[in-house]
Amino acid sequence: MTTENYWTRFQRNRLSRRRILSGAAWGTAGIATAALVGCGDDGDDSGEPTSASTTSTSSSGGASPTAEQPKGYQTNFAEPSTQPKAGGTMRIANDWDVSILDPIKTAAGGTIVKCNIVYNRLISLNTGVTAPDDKEIKLVSDLSGLPEQPDGQTFTFKINPGIKWQNVAPLNGRAFKAEDVKYAYERYATAQGSVHTTYFRDIDKIEAIDDTTLKITLKTPNPDFLIPLGTRYLTIFPRELVDAGTIETQAVGTGSMILKEMAKSDHVTLAKNPDYFKGAAKLDGVEFRIQPDAASRLAAFRAGQVDFSYGLLGNKRDADNLLQTNKDVNINISPPFAAIFGLSLNLDDPRFQDERVRQALMLGMDRETMVQIIYDGFGTTIPTIPWTYIYASQPKPEQFGKWWKHDPAEAKKLLAAAGQENLSFQVIYHEYTASGNTQQLEIMSDLYKQIGIDMKVQRVPYTEFNSQWIQRTFPEATDGWQALGFEPNNYFYNHIHSTSPGNRWRIKDSELDAWAEKQRSELDKNARKEIWKQIFDKVLDKAYRIDKPSGTGFTAYQPWLHGLRFGGPLGSNSSYYEWGQQMHQAWLDKA
Amino acid sequence: MTQYIVRRLLMAVPSMLLVSLIIFSLVRLVDGDVVMARLAEGGYVTDDQLAAMRAELGIDRPFVTQYLDYMVHLMRGDFGKSLWDSQPVWNQIVDHMEVSLQLAVMSILLAIVIAIPLGIISAIRANTPLDYGARLFAILGLSLPDFWIATMLILGLTLWVGWLPEFGYWPIWEDPAKNLEALIFPALIVGYRFSATTARMTRSSVLEVLREDYIRTAWSKGMRERAVVLNHALRNALIPVITIMGGQIGFLLGGLVVIETIFSLPGMGRLMFNAINQRDYPVIQGITLVMASIFILVNLLVDLTYAVIDPRIRYS
């Protein structure tokens with residue numbers, strides 16, 4: 001059979017290359033996925049819709065167990081029972097570089113990660129060693145406790161006691177006040193150049209009632225309002241740095257680590273804040289070593305030069321290779337529960353406005369086989385909208401509608417009916433996941449040839465790709481990522497509403513628009529969930545997005561690194577960003 | 001001589017202007033800008049917000065306005081500020097230049113130490129096993145990409161030796177031992193590549209000179225081989241070698257991008273690479289102008305060296 005021949009050849013070639021490089025490259029896998037992929041847990045796979053009571057607004061990521069994964073790797077290894085040791089500097093090999101530090105002006109990882117270590121958030125999402133076990137997004141206390149909510153429009157936060165800004169000029173350890181939160185949020189909401197204004201569009205007013213009380217009133221009820229406040233994007237920075245004009249180059253926060261030095265292309269160092277309100281960190285400091293080359297990071301990790309490294313493992317084979325040389329390394333897996341990348345069509349193109357063409361593209365893809373070939377079974381086939389909003393456990397593929405299966409004959413019929421028997425189009429893409437994007441597209445291209453479609457693929461550089469994807473200027477099709485958010489509105493409004501800038505697929509469906517608007521202000525959990533199911537099913541039925549398979553995330557930890565863990569629902573505890581929230585708990589057990 | 005130098009430097013001005021105009025145009029032709037790079041995978045922004053961000057950075061102004069503004073600042077010695085991190089471009093170039101210059105100097109010295117003796121031996125023992133070995137060494141240096149050599153070296157050290165030089169950079173005046181540890185392998189790899197061309201050029205040049213009448217005369221006078229080769233042949237063979245080396249220095253600086261990335265060295269190559277990814281126009285423009293200046297100065301130095309090597313050459 002042609003398919004088998006191609007894949008046999010593909011597999012053989014791929015293994016040859018791997019032998020030659022002997023595990024040297026591949027490393028960048030997971031950089032984007034680490035940033036974008038959400039994680040779940042294992043458990044039953046009944047695939048039944050959840051009862052309304054199991055998913056709440058604040059637990060919208062709420063996942064029950066994901067699909068059964070092949071054996072051999074676990075989702076969360078155990079912490080040692082010994083007493084944590086104090087001292088030492090944690091060294092992390094990372095791929096980002098020094099950038100501006102103003103949190104309102106960028107969402108890029110290199111900025112976010114530093115801000116998240118130096119600054120805190122008003123409230124936070126659960127992180128740390130328990131997070132990978134979470135079945136849903138959990139809001140937890142940070143600078144304040146969780147708010148009182150007498151109705152869906154008023155939120156009263158009490159600032160936690162004993163919080164001081166770091167003892168660094170110009171803050172010099174002054175007390176943290178509710179007014180600081182008000183200032184930061186208003187700047188996020190209104191300052192020119194802010195990329196986070198949409199989070200605040202529903203706010204009517206923010207009031208600092210006194211030094212320890214903050215009240216936020218919304219114009220209209222928004223059941224998702226609290227979740228963004230707990231995310232990495234909305235850290236609380238001081239007015240003093242803005243007034244001094246140094247907010248882009250200096251960071252003085254309330255966090256567990258004080259920023260000491262940033263040397264572009266070389267390193268970023270931080271030292272512990274002895275006055276941290278949650279207790280001083282066990283580590284003396286942290287050193288981020290900027291190492292853009294994945295093979296170098298892997299070598300440094302293997303040689304024990306670093307305690308953690310970004311983007312080491314792209315798949316199971318990388319993990320197996322690492323364990324061959326470093327047997328004591330701990331490895332966690334994070335099964336995805338939303339497709340991150342998908343074949344994204346320009347829906348303004350008349351050819352793709354015909355749903356039969358899109359449905360044929362869905363039927364032409366053999367997802368299960370792709371998971372086996374590309375991910376050695378450590379992957380899954382799920383839609384872009386997290387199933388966790390709808391189901392208690394990962395549904396079977398047939399529950400994703402009639403276009404989810406592989407049926408070339410039916411695909412050909414649909415193409416013929418649409419008059420597109422010889423459909424030809426070009427896909428631009430960027431290689432985010434250490435050959436994962438390329439492999440997927442190569443296989444898809446071959447599969448589509450079998451149904452008469454000529455899909456040409458063109459790899460482009462990162463910024464060029466993002467420019468076309470974010471601004472929605474790609475001509476025909478692209479291998480687009482979905483922006484993960486932690487609140488349901490991200491998936492049931494931002495991604496699909498025809499006026500949303502997050503609708504990069506250019507979906508224009510008045511029924512979806514109406515549902516998207518309705519669910520946004522629906523406070524009844526059952527009713528809201530019903531709307532989500534309608535949206536979920538219709539997006540799949542109309543094949544607005546050609547969802548591709550997703551690989552399981554693999555993360556490696558040196559055996560002496562403890563008190564630190566990544567993984568959790570919807571990328572809420574990503575190794576790319578979420579260092580600050582758990583840095584004070586991390587420790588090293590090294591001689 | 002002074003007149004010649006001044007004239008050459010004055011002739012460099014239009015070249016630099018042309019370089020500035022070309023690079024200023026080219027970077028803006030590439031799809032994507034710093035606003036896109038900043039947004040990366042996060043944030044939802046409207047077209048109006050995107051326009052406001054571009055206006056704030058001044059990259060929405062007409063091309064001519066931007067160029068003239070840039071040139072006015074450049075005339076005052078102001079290379080501008082990075083669009084990515086708001087730091088002065090000149091400071092960034094100076095910070096990163098230190099690493100690249102040290103690496104370039106070490107590589108060139110290693111290349112000279114390897115290439116000149118190798119080329120001479122290859123020439124005076126032409127078509128012997130020694131010559132074949134030297135030529136194979138040079139051809140491998142030309143053929144194997146430096147990123148491949150670097151990756152294999154790192155892999156080999158990690159997997160089979162169990163030791164790896166620490167990645168990163170330590171200034172020589174702070175920690176000479178670590179500085180050497182960090183730079184020796186990159187310098188060896190770059191130097192090897194550099195030496196390959198130089199060795200081949202030295203071989204052919206020395207071979208050609210060895211066939212000259214004055215060399216035959218030297219032999220007939222009973223001079224020793226060492227004196228013939230070093231005093232008579234090599235000196236006359238060096239001019240084309242130096243010309244080639246001078247031209248290669250520009251490529252060497254440009255080629256450091258890969259090696260600096262693999263060995264995590266914060267040099268000019270890394271700065272340029274990041275700036276291109278981030279569409280940081282002022283940094284790209286600044287580095288290009290500095291590189292072009294170095295290229296022009298090195299070529300001037302090469303021309304002046306001719307006079308030192310061959311007293312018959314005079315500049316006026």
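In chain A of this predicted model, there is an open sheet of five strands, in the order E17-E16-E18-E14-E19 and with mixed pairing, where helices (H or I, at least four residues) and strands (E, at least two) are DSSP runs numbered from the N terminus, and two strands pair if DSSP finds at least two bridges between them. Strand E17 (454–459) and strand E19 (546–547) of chain A stand at the edges and have a single partner strand each, so one side of each is left without a neighbour in the sheet. As background, strands of a sheet pair through backbone hydrogen bonds, either parallel or antiparallel. Strand E16 (residues 424–429) and strand E18 (residues 477–481) of chain A take the parallel sense, over two bridges, and if you look at Val427(A), you will find it opposite Ala477(A) in E18(A).

Before I go on, residues are numbered from 1 along each chain as its sequence is written, and chains are lettered from A and ligands numbered from 1 in the order in which they are written. Because this is a predicted model, local features need pLDDT of at least 70, side-chain atom pairs count only at pLDDT 80 or more, and totals for chains, interfaces and linings use all residues, while side-chain values use heavy atoms, with hydrogens and water left out.

Now to the backbone, where most residues other than glycine have a negative phi, and most peptide bonds are trans. Ala169(A) and Pro170(A) are joined by a cis peptide bond, with omega about 5 degrees, and Pro170(A) sits in the loop between strand E5 (154–158) and helix H4 (178–190) of chain A. In chain B, Asn127(B) is not a glycine, yet has a positive phi of about 60 degrees, and this residue lies in the loop between helix H5 (89–124) and helix H6 (129–143) of chain B.

How do the two chains meet? Contact, meaning heavy atoms within 4.5 Å, links 55 residues of chain A with 48 residues of chain B. The area buried between the chains, that is, the accessible area (1.4 Å probe) that two parts lose on being put together, summed over both, is about 4500 Å², and carbon and sulfur atoms give 56% of it. There are three salt bridges between chain A and chain B, a salt bridge being a side-chain nitrogen of Lys or Arg within 4 Å of a carboxyl oxygen of Asp or Glu; one of them joins Asp85(B) to Lys264(A), with the closest N and O atoms 3.0 Å apart.

Chain B itself is divided into domain 1 (2–75) and domain 2 (89–309), with bounds that come from an automatic or database domain assignment, and the C-alpha centres of these two domains lie 32 Å apart. Between them, 22 residues of domain 1 of chain B are in contact with 17 residues of domain 2 of chain B, and the two domains bury about 1700 Å², with 73% of it on carbon and sulfur atoms. Arg8(B), Met16(B) and Val27(B) supply 28% of the area that domain 1 of chain B buries against domain 2 of chain B, more than any other three residues. Arg8(B) also takes part in a salt bridge with Asp303(B), at 2.4 Å from N to O, and the count between the two domains of chain B is one salt bridge.
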